[in-house]
Amino acid sequence: MEVLTPFVYWAQTESKINLKVDLINVKDIDVYFGDKKLNFSAYGQGARGLNNYEFILDFHSAIIPDESDYKIIDRYINFILTKKSDSWWPRLTCQPQKPPWLKIDFDKWRSEETDDIQEAVRDVCQDYPDMYDHLHKEEFGYRKEDYKKVYLIFYNLFQCIGFIYILSVMGIRYYRDGSDSIRHTYEVVGNPMKFIQILQILEIMHLVFDYTRGNPLITTLQVGGRAFILFFMIEAEPRMQTKPVVFYIFLVWSVVEVIRYPYYMTNLLNVKISALTWLRYTIWMPLYPLGFVFEGIIVLRNIPYFEETEKFTIDLPNSWNFAFYFPTFLRIYLLMLCFPGMFAMMTHMNSARYKKLGKIKIKK
């Protein structure tokens with residue numbers, strides 16, 4: 001037997017969800033409110049005449065069932081749902097695919113950007129000029145977010161696989177050859193590391209184009225700092241490539257990322273894994289300081305090499321009338337950028353950990 005579904009129109013404010021079910025002459029109504037679900041069935045006059053209609057909505061986020069209710073009005077059934085937390089939902093349902101019977105209630109539609117508009121009755125053509133046809137094809141919060149989410153999932157998956165590959169190769173070679181494998185680390189996994197490090201520049205662009213949220217300064221420091229170490233300190237100086245510190249810095253970077261990228265993927269898929277969340281906001285505590293120490297060692301060891309080769313150094317006279325001594329820059333980098341950068345990064349991660357996990361309470 002075919003299940004008939006009425007047209008449902010939705011709108012939101014920061015704290016409420018409004019649903020309008022397009023049924024009249026309603027009888028035998030049955031409604032169930034769950035934390036993230038609404039079950040509805042009733043007999044009434046809808047798009048397919050007098051029939052039994054029903055639907056199930058799995059919400060994007062939680063509501064408060066005890067504070068949610070409905071009212072039967074002459075021309076429709078009106079639901080007012082209270083959100084569990086005051087925030088703007090990117091879409092109504094947890095699934096990116098929108099049911100064909102779910103529509104936007106243009107008369108009541110609000111968004112985070114248009115929340116300052118206070119008119120009781122709003123003209124959607126005025127608020128969104130030349131957007132009516134576009135909204136029918138691509139309604140707010142569905143396809144646009146769907147494409148963005150798919151891209152971010154594939155990006156994080158690719159990066160995770162890349163770092164797993166590097167860790168696996170390093171681990172297998174160390175198990176097979178012992179400490180002799182350490183000096184060949186850059187020769188074996190240097191190219192994959194350079195490739196995925198170049199791709200990490202996209203994470204700055206994700207913030208610029210509002211694909212992700214975060215601190216642009218911290219992201220730039222992290223991505224830019226790693227790129228400087230990898231391309232200017234290791235790639236540019238062959239004698240550094242065989243040093244054991246390269247093995248250790250690659251190990252630290254890879255362990256951090258094989259936890260960070262799966263955490264981002266599970267968040268995109270609305271899957272909460274408490275152990276993964278704990279690792280994401282805890283493992284930095286030993287690894288980030290080690291990473292900064294190893295990066296500092298690489299810079300410090302490179303200063304005599306660049307004094308000898310004068311690579312990246314610009315001497316006078318020249319057409320630009322400009323001089324640049326790269327070893328001096330490295331010393332300034334160690335003093336002014338490395339240690340303040342470590343402090344900024346550790347402070348940021350500590351604040352993020354408190355927000356996610358809460359402060360640890362020690363009983364006396």
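UniProt positions are given in the numbering used here, feature names are shortened, and annotations may be inferred rather than shown by experiment. The model is predicted: local features need pLDDT of at least 70, side-chain atom pairs count only at pLDDT 80 or more, and totals for chains, interfaces and linings use all residues. Residues are numbered from 1 along each chain as its sequence is written, and side-chain values use heavy atoms, without hydrogens and water.

View 1. The unreviewed UniProt entry gives residues 150-172, 246-263, 283-303 and 323-346. Residues 283-303 are 95% helix and 0% strand, with end C-alpha atoms 31 Å apart. Helices (H or I, at least four residues) and strands (E, at least two) are DSSP runs, numbered from the N terminus.

**View 2. Helices H4 and H7 cross.** The axes of H4 (residues 185-199) and H7 (residues 244-268) come within 11 Å and cross at roughly 35 degrees. Axes are lines fitted to C-alpha atoms, for helices over the stretch in contact; angles run from 0 to 180 degrees between N-to-C directions.

**View 3. A salt-bridge network.** Glu203, Arg226, Glu257 and Arg260 are linked by salt bridges (a side-chain nitrogen of Lys or Arg within 4 Å of a carboxyl oxygen of Asp or Glu). Arg260 and Glu203 meet at 3.4 Å, N to O. Arg260 lies in H7 and Glu203 in helix H5 (residues 202-208), so the pair ties together parts 57 residues apart in sequence. Arg226 and Glu257 pair at 2.6 Å between the closest N and O atoms.
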